[in-house]
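Me: Hello! I am new to this structure and would like a short tour. Could you take me through it step by step?

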Amino acid sequence: MYRAVTLKCLQNNINVEDTQRVAKASQEAQIRFPSFGQVQLDGQDVSTAIRESRIVRSINPVASNPSVRQAMAEQQRALARRTDYAGFEFNKQHITGVVMDGRDIGTVILPDAELKVFIVADARTRAERRFKELKGTGKDTIEDIARDLAARDEADRTRAVSPLKKADDAIELDTSQCTIQQQVDAIEAMVHHRLATPVKNR
């Protein structure tokens with residue numbers, strides 16, 4: 001969502017250091033998730049655009065803006081409160097809920113989430129994945145992307161508002177050597193284990 005707000009600022013020639021204009025843009029941004037992996041901003045599909053390196057290079061002032069974080073937090077919590085998700089069957093029960101990712105979801109947005117997974121991977125692997133995700137568009141090399149990711153990580157870890165950190169009750173999952181399906185299988189197993197565990201023992 002912060003990527004989408006950053007894109008909105010760049011599209012409208014808003015200086016990302018202008019805290020008031022950026023805050024206003026975040027409040028006006030219509031961000032939707034119509035299907036798996038798809039992100040819409042003001043009615044336009046921006047699923048690929050928000051992954052571009054120019055977004056990573058401009059996002060830090062946006063993500064550290066307290067007013068933006070408040071606006072995004074309200075939207076994220078509203079998504080979590082929705083009850084119209086399809087859900088799935090487990091032990092003859094219909095389970096509904098939301099899967100949400102972000103750098104402060106488990107610590108700030110949804111601190112009481114049933115399951116928190118802190119996903120990590122080595123720097124080279126992350127850069128290669130982003131490069132493939134962008135299908136080689138743009139002029140950035142894998143090394144450029146790795147530097148941008150490292151810079152954003154450092155900025156997020158050290159920001160004053162909602163810094164990036166692992167929640168005390170999160171399970172760390174290193175995906176450096178995992179395929180997408182292996183990651184899905186691992187998290188699905190965690191979900192099933194958590195659901196099978198009596199509430200008092202969680």
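Reply: Gladly! The C-alpha centres of domain 1 and domain 2 lie 17 Å apart, the bounds coming from an automatic or database domain assignment. This is a predicted model, where local features need pLDDT of at least 70, side-chain atom pairs count only at pLDDT 80 or more, and totals for chains, interfaces and linings use all residues. Residues are numbered from 1 along each chain as its sequence is written, and side-chain values use heavy atoms, leaving out hydrogens and water.

Me: How many residues does the contact take from domain 2?

Reply: Domain 1 covers 1–92 and domain 2 covers 99–201. Counting contact as heavy atoms within 4.5 Å, domain 1 gives 20 residues and domain 2 gives 25 residues.

Me: What area do domain 1 and domain 2 bury between them?

Reply: Buried area is the accessible area (1.4 Å probe) that two parts lose on being put together, summed over both. Of this area, 59% is on carbon and sulfur atoms, and the total is about 1,900 Å².

Me: Which residue forms a salt bridge with Arg 57?

Reply: A salt bridge needs a side-chain nitrogen of Lys or Arg within 4 Å of a carboxyl oxygen of Asp or Glu. Here the closest N and O atoms are 3.0 Å apart, and the partner of Arg 57 is Asp 148.

Me: How many salt bridges are there between domain 1 and domain 2?

Reply: The same cut-off of 4 Å applies to each salt bridge. Between domain 1 and domain 2, the count is four.
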